[in-house]
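Good morning, colleagues. Please look at the sequence and the structure on the screen, and I shall then go through a few points in turn.

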There are 2 protein chains.
Amino acid sequence: MTSTLGYAILAVLARGERTGYDIAAAMRRPVSYFWTARHSQIHAELQKLAAGGLVAFDARHGPGPQDKKVYRLTPEGGDALRAWVTEPPRERPERDELVLKTYASWLADPGLLRRLFAEQLRVHEERLAEYEREEERFGGPPDPGDPRFGNYATLRCGLGYERHRAEWCRWMMAQLSASL
Amino acid sequence: MTSTLGYAILAVLARGERTGYDIAAAMRRPVSYFWTARHSQIHAELQKLAAGGLVAFDARHGPGPQDKKVYRLTPEGGDALRAWVTEPPRERPERDELVLKTYASWLADPGLLRRLFAEQLRVHEERLAEYEREEERFGGPPDPGDPRFGNYATLRCGLGYERHRAEWCRWMMAQLSASL
DNA sequence: GCAGACTATGTCAGAAGTGACATAGTCTGC
DNA sequence: GCAGACTATGTCACTTCTGACATAGTCTGC
């Protein structure tokens, strides 16, 4: 019934109360939990979650034409989130534009392709360096019952992904150069 | 103007003429090019591509209430596809339900979590074995100008991805066991 | 000759997600 | 005192994608 976005919001609120704006700020970058949403979607979803009793809010004075709404998880919301976590994830189709381009790469100019992959490699290496700096700040994995474990475990996933991706870009560039 | 799905269809047609049904069959599994679509979407997109002159078709006798339509790339379609391949990919937000669950995993029962990751690991190891069998059939990378290069390069990406993913699942299970 | 799987094309309602538009108070530095 | 950045909530049109419904001929094995 609740959408995956709904659970993403509950997962953020499980760490403490937030306004819709705060949640949107946390979801702007895919760092740490690999789910993004715009504020337009978040405000709409918060209304649904509040109607379903999974979140509640207090109105507090703040900027803007209306009061700000500080949302928190209700006990029902916490139960729903906990139950959802251990259920098998819904299969989401992989849709990767760069891999699709690679599928058609035999048609293209090798020089332009090398430029494309060089740029992608740069992006992945940059992200990798950023994630490595973040990992250092943890100084080892937190306890699995600590909220910070969630951040660390997703960071580890991101690290592995960026390494695999950078490696593949390097392999592609080597292939394209070998054929000269 | 043309959507990514449109280019995915052009990329399939670049390898030879196909019916909408054939394209749908090729896109049912994310193997080799990491883009999936249902036939309902494909038929609709083929109509748009035909209207734009990027594909053309011959009606031939076949099963069903209407004749079957065998689509092929037009010269304009080929040009559009080639131009698209080397353009930087549009950033697609990462949305990964398992990683999101991991972000909230500190709330959940470690036993149930281990079961979840054990099952995911099984899936990734199975896919990895399948990809490795496929890789063997290639016997080394084809020339970058060969259509088979597209298949091989995307397969390499899939291999790297499944390895990284399996590794991460194993790390998660170790973390969950260490805390007993 | 007939059942069942497969080939084949299409529509439609609805969910999920994007990007633009709309509004307006607060806080910081010059 | 004022500009500009930031906080804050919301709507709306549009695109993309899903899942169900609809239809019907062909091919294989029993």
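A polar contact here is a pair of N or O atoms within 3.5 Å. Please also bear in mind that this is a predicted model.

With that cut-off in hand, I begin with the polar contacts to DNA strand C. Ser40(A) has a polar side-chain atom 3.0 Å from a base oxygen of DNA strand C. From the other chain, a polar side-chain atom of Gln66(B) lies 3.3 Å from a sugar or linking oxygen. The elements giving two or more residues to the surface near this strand are helix 3 (39-51) of chain A and, in chain B, helix 2 (20-26), helix 3 (39-51) and strand 2 (68-73). Helix 3 of chain B provides the largest share, four residues.

Which residues come nearest to DNA strand C? Of the 23 around it, they are Arg38(A), Tyr21(B), His39(B), Lys68(B) and Lys69(B). By class, that surface has 12 polar, six charged and five nonpolar residues.

I turn now to the two protein chains. Chain A superposes on chain B by a rotation of 180 degrees, with 0.0 Å of shift along the axis and an RMSD of 0.0 Å. The two copies are therefore related as by a two-fold rotation axis. Within chain A, the residue closest to that axis is His164(A), its C-alpha at 3.3 Å. Because 100% of the interface residues of chain A are also interface residues in chain B, the copies meet through the same surface.

Definitions and conventions
Residues numbered from 1 in each chain as written. Chains lettered and ligands numbered in written order. Predicted model: local features only at pLDDT ≥ 70, side-chain atom pairs only at ≥ 80, totals over all residues. Heavy atoms only, no water. Near = heavy atom within 4 Å. Polar contact = N/O pair within 3.5 Å; in protein donor to acceptor, adjacent residues only side chain to side chain. Nonpolar A, V, L, I, M, F, W, Y, C, P; charged D, E, K, R; others polar. Least-squares fit on C-alpha atoms with pLDDT ≥ 70 in both. Contact = heavy atoms within 4.5 Å.
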